[in-house]
Amino acid sequence: MAIYFYGCVTMDGYLADQDHGLGWLDQLAAGMEEADSSYPAFYEQMNVTIMGKKTFDYIAQLPGAEDFYAQTTNYVFTHAERLPIKGYRPVQGSVVELVKSLTTEQNVFVVGGTGLVADLLAADLFDHLIIQVAPAILGRGIPLFSQPAFTRYYQLDQVSQFGPFAELRFSRV
């Protein structure tokens, strides 16, 4: 099993603007196809996705949301007992405990939720971080890294460019 974060941040490290919006990302990615990135090959290797409720809410408003993560088991951390789109399982409790309960042959994609990322980083469970950096500065917003102070080291494995985005691939040292 390997635990992955795959996502895009601004040059100043934000996943979303202060209202949890991704308009900056939509604007920069306009005209790009998913095939113009490493995402299709990455997702093909995943068995499980984990996300927070705000990430789910963003996905839910996209066209074809029901099929967005069709090949994976999808967990959403929420207080809701049901979600309005089939294929997504509401869960509560500890993301660390959920990850530890998964079978060893599963690859886990943490889609979003800075609290989830923080908890998994604090537990030192990420094997790979794949971070696209967008040529935008928001000044404030929702940061990717919001965990308590500690040090983690990763090895830089690859740097690529996809359109206006730089992709940095890191793995656990």
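In which sense do strand 3 and strand 6 (residues 107–112) pair, and over how many bridges? They pair in the parallel sense, over 4 bridges. The legends below take this strand and its surroundings in turn.

This is a predicted model: local features need pLDDT of at least 70, side-chain atom pairs count only at pLDDT 80 or more, and totals for chains, interfaces and linings use all residues. Residues are numbered from 1 along each chain as its sequence is written, and side-chain values use heavy atoms, with hydrogens and water left out.

View 1. Strands (E, at least two residues) and helices (H or I, at least four) are DSSP runs, numbered from the N terminus. Two strands pair if DSSP finds at least two bridges between them.

**View 2. An enclosed strand.** Buried means under 20% relative accessible area, exposed over 50%, partly exposed in between (1.4 Å probe, protein chains only). In strand 3 (residues 48–52), 5 of the 5 residues are buried, so the strand is largely enclosed by the rest of the structure. V48, I50 and G52 point one way; T49 and M51 point the other way.

**View 3. The largest nonpolar core.** A nonpolar core is a set of buried Ala, Val, Leu, Ile, Met, Phe, Trp, Tyr and Cys residues joined through side-chain atoms within 4.5 Å. The largest has 25 residues, of which F5, I50, V95, L120 and F126 touch the most other members. Elements giving two or more residues to this core include strand 3, strand 4 and strand 6. Another core lies apart from it, with 19 residues, among them A2, Y39, M46 and I59.

View 4. Rings of Phe, Tyr and Trp (its six-membered ring) pair if their centres lie within 6.5 Å; planes under 30 degrees apart count as stacked, over 60 as edge-to-face and the rest as tilted. The structure holds 12 aromatic pairs. Y39 and F42 form a tilted one, 6.3 Å centre to centre, with 45° between the planes. Both lie in helix 2 (residues 39–44), 3 residues apart. The ring centres of Y39 and Y43 are 5.9 Å apart and their planes at 10°, so this pair is stacked. Y39 is buried at 13% relative accessible area, and Y43 is buried at 9%.
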